[in-house]
Amino acid sequence: MNPYYHNISELYDKEKSYIEKLDVLLNNYHLPLLERVKSSEVIFDIEQITLMFRDIQIIRDIHSQIFLRLQKKVKSWRPLIRIDDVFVDMLQLLQGSYESYSTQYSDIITLIRYHFFKSLK
């Protein structure tokens, strides 16, 4: 197998796996927490949930676009196909969404720790 094709295939597989993990995060954590806000089993309020999952859906959507574009490249494979355009086109979106999420990261961890230790009492 061509090493270049192998590398692109590996990147393709990693994007697919990452999207699947983001789907688990959104479907198994984010949505259930939102549902609990509507009930008497509130763990986090809506502002806290928004903080914790800020931009996750946007990040997932961007990576889905990357994945679809990589998929097209893999399906139309030819030697020395270029994939840099996939990432260059998405760079600004990626940078903005991850920057926004990462600036809130320490607040998110503090919030989760607070609720974790509170639940131990």
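Predicted model: local features only at pLDDT ≥ 70, side-chain atom pairs only at ≥ 80, totals over all residues.
The largest pocket holds about 240 Å³ of space. Two elements, α1 (3-37) and α5, each give two or more residues to its lining. Helix α1 supplies the largest share, six residues. In total, 14 residues line the pocket. Nearest its centre lie Y29, L33, F44, M52 and F53.

Helix α5 spans residues 105-120 and includes F116. F116 itself is partly exposed, at a relative accessible area of 46%. Membership in such a patch calls for over 30% relative accessible area, so F116 passes that cut-off with its 46%.

Now the charged side chains. Side chains of opposite charge can pair when their charged atoms come close. The structure holds eight salt bridges.

One of them sits within helix α1. E10 pairs with K14, and their closest N and O atoms are 3.7 Å apart. Both residues belong to α1, four residues apart, or about one turn of the helix. E10 is partly exposed, with a relative accessible area of 36%. K14 reaches 53%. Exposed means over 50%, so K14 counts as exposed.

Another bridge joins K38 to E35, with 3.5 Å between the closest N and O atoms. K38 is exposed, at 69% relative accessibility. E35 is partly exposed, with a relative accessible area of 49%. That value is not over 50%, so E35 does not count as exposed.

A further salt bridge links R69 and D89, at 2.7 Å from N to O. R69 lies in helix α3 (residues 56-75), whereas D89 lies in helix α4 (residues 84-103), so the pair ties together parts that are 20 residues apart in sequence. Both partners are partly exposed: R69 has a relative accessible area of 25%, and D89 stands at 46% relative accessibility. This pair also belongs to a network of salt bridges, in which R69, K73, D85 and D89 are linked.

Technical notes. Residues numbered from 1 in each chain as written. Heavy atoms only, no water. Buried < 20%, exposed > 50% of the residue type's maximum accessible area, 1.4 Å probe, protein only. 1 Å grid on protein atoms, 1.4 Å probe; cavity = no way out; pocket = protein on both sides within 12 Å on 5 of 7 lines; lining within 4 Å. Points joined across faces, edges and corners; volume = space filled by probe spheres on them. Salt bridge = Lys/Arg side-chain N within 4 Å of Asp/Glu carboxyl O.
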